[in-house]
Amino acid sequence: SAFAESTLGQLYKEQHEGQYRGGPAYYIEKGFGETTFAKAYGLLFAIVTVIAIGVLLPGVQSNSIADAVKSSFNINTTVTAVILVVLTGIVVLGGIKRIGSAAEFIVPFMGGLYILMALIIIIVNINQLPHVLAQIFKGAFGLQAPFGAIVGSTVAWGVKRGVYSNEAGQGTGPQASSAAEVSHPAKQGFVQAFSVYVDTLFVCSATGFMILMTGCYNTFNEFTKNIMVENMPGYAIEDIGPVYTQNAINTLIPGFGGAFVAIALFFFAFTTLMAYYYIAEVNVNYIVKRFTGKGNIWVVHALKLVLLFMTYYGSVKTSDLAWAMGDLGVGLMAWLNLIAIALLSNIVIKCFKD
C-alpha cells in the first residue's frame with residue numbers, strides 16, 4: 001500500500017508556485033479520468049484529510065509530548081501545551097523557519113541515538129529474549145489463559161499502531177512523496193515501501209523488545225481496566241505511554257531515560273505536527289481551488305488557528321481521548337485511500353513492471 005500510494009502520488013502530482021504538490025485527492029481525480037464521480041471522491045478525501053490532519057490527529061502528538069514532559073520533569077501539561085502552541089505557531093505562521101530547519105537536523109540524530117540505546121538495552125538483557133519471544137506468541141495467539149479473549153483486540157491494536165508508525169495506506173505518505181523529484185514514479189514508491197521496514201519492523205520492534213526485556217510495563221484488560229500483569233507498582237492505566245520506555249532506559253542509565261525520551265519525543269512529534277500542517281494546507285488549497293479556481297489566504301489562516309487550538313486541546317486532555325480522536329481520523333482517511341489504490345492497482349502494476 002505504501003508503494004502504491006506514493007507511486008500514484010508521483011504519477012499525478014501538479015506544480016504549484018514552483019513546487020510539486022499531490023496526494024490521494026489528486027490521483028483519485030485524475031486516475032479515475034476526471035469524471036464527476038472522480039472529482040466528488042477526490043473532494044471527499046480532501047475534506048476528510050483536513051478534518052483528520054487538522055483537527056483529530058494533532059492531539060496525539062501533543063499529548064505524547066505533554067505526558068513525557070510531565071513524567072520526566074513534573075511540568076504541568078498546560079505549561080507544556082502553551083510552549084508547544086507558541087513554537088508550532090512560530091513555524092506555521094511563517095515567522096521563523098530556523099526552528100523547522102533545526103528540527104530536521106536534530107531528528108535523524110535523535111532517531112539514531114534512540115535506536116542505539118534500544119539495541120544496547122536488548123544486548124544487555126539478551127538472556128531474556130527466549131522468554132520474551134514466548135510471551136509475545138503465547139499472548140498474541142491466546143495460549144495464555146488471561147489473554148485468551150483478546151486475540152482479536154491484539155490484531156486490531158497492531159494494525160492501528162502500525163499505521164501510526166509507517167502511515168502505509170493512510171494517505172499521508174504520498175502527500176510528501178509527491179513533492180519529491182525522481183526519474184521514475186516507482187522509485188519513490190520503493191523508498192516509501194522501505195520506510196515501513198525501518199519505522200515499524202525495526203524501530204517499533206526495538207521499542208517493544210526493550211520494554212518487554214526489562215519488564216518495565218503493566219498489562220491491563222482493555223475493557224474492564226483491571227490489571228493483569230503488574231511489573232511496575234503505582235502505575236495506573238492512565239499512565240500507559242512514554243513512561244514504559246523511559247523506565248526501560250533507566251535500567252541501563254538510571255535517571256537518564258525520562259529526559260532522553262521526553263526530548264526525543266518532542267522533536268519527533270513536533271516535526272510530525274509541522275508535516276500535518278503541510279498536508280492539511282495542500283488539501284485546503286485543493287478544496288478551495290476546486291470551488292473557486294484560486295487559493296484563499298483566509299482559509300489557510302483559519303486552518304492554522306484550528307491546528308494550533310487542537311494542539312493545545314490534545315496536550316491537556318487524557319491520552320485515551322487523544323488516541324480515540326486520532327484513530328477516527330486515521331480510519332476515515334485509510335478506508336477512502338485503500339479503496340482508491342485498490343481500484344487504481346492496474347496502473348500501479350504497470351508502473352512497477354516498467
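Trainee: Is Asn74 buried or exposed, and what is its relative accessible area?

Mentor: This is a predicted model, in which local features need pLDDT of at least 70 and side-chain atom pairs count only at pLDDT 80 or more, while totals for chains, interfaces and linings use all residues. Residues are numbered from 1 along each chain as its sequence is written, and side-chain values use heavy atoms, with hydrogens and water left out. Buried means under 20% relative accessible area, exposed means over 50%, and partly exposed lies in between, for a 1.4 Å probe and protein chains only. Asn74 is therefore exposed, with a relative accessible area of 66%.

Trainee: Where is Asn74 placed, and what is its phi?

Mentor: Helices (H or I, at least four residues) and strands (E, at least two) are DSSP runs, numbered from the N terminus, and Asn74 sits in the loop between helix H4 (58–73) and H5. Most residues other than glycine have a negative phi. Asn74, a residue other than glycine, has a positive phi, near 55 degrees.

Trainee: How many disulfides does the structure hold?

Mentor: A disulfide is a covalent bond between the sulfur atoms of two cysteines, and here it is taken as a pair of cysteine sulfur atoms within 2.5 Å. For Cys204, the closest cysteine sulfur is in Cys216, and because the two sulfurs are 18 Å apart, they are too far for a bond. The number of disulfides in the structure is 0.

Trainee: How are helix H3 and helix H14 oriented, and what is the handedness of their crossing?

Mentor: Axes are lines fitted to C-alpha atoms, for helices over the stretch in contact, and angles run from 0 to 180 degrees between N-to-C directions; the axes of H3 (residues 36–56) and H14 (residues 319–343) come within 9 Å and cross at roughly 160 degrees. Angles under 35 degrees count as roughly parallel, over 145 as roughly antiparallel, 65 to 115 as roughly perpendicular and the rest as oblique, so H3 is roughly antiparallel to H14. A crossing is left-handed if the near helix is turned anticlockwise from the far one by less than a right angle, and right-handed if clockwise. The crossing of H3 past H14 is left-handed.

Trainee: What is the orientation of H1 and H15 to each other?

Mentor: Helix H1 (residues 2–11) and helix H15 (residues 345–353) pack at an angle of about 85 degrees, with their axes 10 Å apart. Their contact is made by Phe3, Ala4, Thr7, Leu8 and Leu11 of H1 and by Ile347, Val348, Cys351 and Phe352 of H15. From the angle it follows that H1 and H15 are therefore roughly perpendicular.

Trainee: Which residues of helix H11 are buried?

Mentor: In helix H11 (residues 242–250), 7 of the 9 residues are buried, so this helix is largely enclosed by the rest of the structure. The buried residues are Pro242, Val243, Tyr244, Thr245, Gln246, Ala248 and Ile249.

Note on methods:
Contact = heavy atoms within 4.5 Å.
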